Amino acid sequence: MLIKIFKICLTIAEESFLNKNNQKMKVIINYIILNGVRDRLYLSVLLTLIISFIVSIIFGSTFLIEKQESVSAFSAGSSRLIFIIGITLFVCLNLHRSFENKEIEFIISKSISRQKIIIGYISGYILSATIILIPLILALFILTKSDLIGLLYWSISLVLESLIVVTFAILATLILGNAFSAILASLSFYILSRMMGIFVYAIELPKSYGDFSNNILPSTLKILSVVFPRLDIYSKSQWLTYGISDFTDIKIVLLQSLVYIPLLIFMSFYDFGKKQF
Amino acid sequence: MILSISSKQELDRVFLGTFIILFVFQIFFWFSYRDIGPDFKIIENPPNKKFIKAIALGDEEFLFRSLALRLQNSGDIFAGFAPLKNYDYKNLYDWMILLDNINPNSNVVPHLATYYYSLTQNKKDLVHIIDYLDSHASRNLSQKWLWLTHAVLLANSKYDDQEKALALAKKLADNSNDDLPIWTKQLPAFIYARVGDSCMAFTIIKNLVDENESKKRLITEQEMEFMKHFIEYRLNKLKSEKFDPTKCPDYKKKS
C-alpha cells in the first residue's frame with residue numbers, strides 16, 4: 001500500500017515538474033502570477049509592508065535601548081501577519097472567482113489531470129507569495145541587520161508557513177465553495193494553529209465523563225489540536241534578534257511541514273476529484 | 001395597535017408621550033450612574049502567563065517588545081505624564097517579572113527599572129525595583145551582574161537599607177565568574193565601611209590583596225593601587241578612633 005502511494009506521488013511529481021512538455025501547468029502558474037498583478041496583490045501587500053516597516057521603525061526608535069532589536073521584532077512580526085493575511089485573501093478570492101467564471105471548468109475540459117490543476121494552482125500561489133517574500137526578506141536584512149542564520153531560518157520557516165496557509169486556503173475554498181466562509185475559515189485556522197502550543201500544553205483532558213461535561217470547550221480544543229499544525233513554532237522574531245541556539249524548533253518545523261503540506265494537498269486532490277461540474 | 005388609533009393627532013400624542021417617558025428614564029439612568037468614571041489605572045494588573053502565551057500566537061519576541069513599549073510609556077496620559085509616586089509599584093514589579101518570563105535575555109526592562117522607575121518620589125516603592133533587579137540578575141549572574149550592582153547601589157543609597165545592600169553585594173561577590181571586574185568583589189567592603197564595620201571592610205580588601213599575592217587572583221596594577229589607597233585611607237581615618245586591624249577576627253587567619 002505504502003509503495004503504491006509512493007509510486008503515485010512520484011508519478012504526480014514527475015508529470016508536474018519534470019515533464020518538459022508540461023505547457024498547461026506553466027500556463028496555470030503564469031495565469032495566477034498575472035492575476036496577482038491584475039488584483040494588485042503585489043502592489044497592495046508591498047505598500048502595506050512599507051507602512052508596517054515605517055511604523056516599526058518609529059516604535060522601535062522610541063525604545064531607550066535595544067532599538068535595532070525592537071525594530072527587528074516589530075517589522076518581522078507585523079510583516080509576517082500582513083503577508084499571511086494578504087496571501088490568504090488572494091488565494092480564497094482568486095480561486096473562488098475561477099470557479100464563478102467557469103475558468104476551472106474550462107481548464108478541466110483540456111487534457112490535464114485534476115491533480116495537476118491543484119499542483120499548478122499551489123505552485124502559482126507560492127510563486128506569487130515568493131514575489132512578495134523576496135523584497136520583504138531583503139528589506140528585513142537591510143533595515144534590521146539581523147543575524148544571518150536566524151534570518152535564513154526565519155525565511156525558510158515563513159515559506160513553509162505560507163505553503164500550509166495556501167494549501168489550507170485552497171482546500172477551504174474547494175470545500176466551502178464561498179469566498180467569505182473560506183477566508184474566515186483560513187484565518188481562524190491560522191490563529192488557532194498559532195495558539196495550539198498553549199492549548200496542547202495547558203489543557204489537561206478530563207479523566208471521567210463528569211469532568212468532561214464540565215470542561216467541554218477546553219476538552220474539545222485539546223482533541224482538535226490533533227488535527228492542527230503547530231504553527232506557533234514557525235517564524236519566530238527572536239531568531240532574527242538572538243540567532244538560533246537550539247535547532248529543535250527547526251527540526252519540528254521541517255517535520256511538521258513534511259507531514260502537513262502533503263496531507264492538505266491529498267485532501268484537496270480527493271475533494272477536487274469528487275467535484276461534479 | 002397603531003392602526004387602531006384613529007386620528008393622526010392621537011398618534012403624534014402617543015409618540016410624544018413615549019419620547020417624554022424615555023427621556024425621563026434617560027435622566028434617571030444618568031443620575032444613577034453619574035459616579036462611574038473611566039478607569040485611570042496607570043498600570044493594569046498583569047495577565048496570567050498562559051494568557052500571555054496564547055495571545056503571543058507563537059511570536060513571543062513581538063509580544064515582548066509590544067508590552068515593553070507599553071511599560072515604557074505607561075502613565076503617558078494626554079495631559080502629560082503621571083508622577084511616579086502615583087504608580088502601583090507592586091503591579092509594576094509583576095509586569096517586569098512577567099516580561100522577564102517572556103524574554104529573560106533582553107536588557108530593556110532592567111534598564112527601565114534602573115534608570116526610569118527608580119526615580120520614584122516614594123522611597124518605599126524602591127524595594128520592588130531592587131527585588132526585580134535581583135530576580136532578573138539571578139537568572140544569569142555571569143551575564144547580568146551589572147543589574148545586581150545597580151540593585152546594590154539603589155539599596156545602599158536611595159533606599160538606604162544597608163542590610164539589603166550587603167546581602168545583594170555578597171551575592172554579587174560570591175559569584176564564581178573570574179571575568180567580572182574586581183570591584184564586584186569589593187562592593188561588600190564599601191558597604192561595611194559605610195555602616196562603620198571597619199573590620200569587615202578591611203578584611204575583604206585585605207583578602208583580595210592576599211589572593212593577588214598568592215597568585216590566586218590576578219589584579220591589575222591600577223586596582224592594587226586603589227586597594228592599597230583604600231586600606232591606607234581607612235587606616236589613617238581609623239587611627240584617630242584607635243582602630244587596630246590586627247584585632248579583627250579574620251585578620252590573623254588570612255594574613
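## Helix 7 of chain B

In helix 7 of chain B, the buried residues (those with 20 or more other C-beta atoms, placed from the backbone, within 10 Å of their own) are Trp147(B), Leu148(B), Thr149(B), His150(B), Ala151(B), Val152(B), Leu153(B), Leu154(B), Ala155(B) and Asn156(B). Helices here are DSSP runs of H or I with at least four residues, numbered from the N terminus. These buried residues pack against helix 5 (108–115), helix 6 (126–139), helix 8 (162–173) and helix 9 (183–195) of chain B.

Helix 7 also has a kink of about 35°, centred on Trp147(B), where the bend is the angle between axes fitted to the seven residues ending at a residue and the seven starting there.

## Basis of the model

This is a predicted model, in which local features need pLDDT of at least 70 and side-chain atom pairs count only at pLDDT 80 or more, while totals for chains, interfaces and linings use all residues. Residues are numbered from 1 along each chain as its sequence is written, and chains are lettered from A and ligands numbered from 1 in the order in which they are written.

## Tyr89(B)

Tyr89(B) lies in helix 4 (residues 89–102) of chain B, and it counts as buried because it has 21 C-beta neighbours inside 10 Å. Leaving aside neighbours within four places in sequence, Tyr89(B) is in contact (C-beta atoms, placed from the backbone, within 7 Å) with Asp125(B) and His128(B). The C-alpha atoms of Tyr89(B) and Val127(B) are separated by 9.0 Å, although these residues are 38 residues apart along the chain.

Note on methods
Helix = DSSP H or I, 4+ residues; strand = E, 2+ residues; numbered from the N terminus. Buried ≥ 20, exposed ≤ 12 C-beta atoms within 10 Å, placed from the backbone. Contact = placed C-beta atoms within 7 Å.
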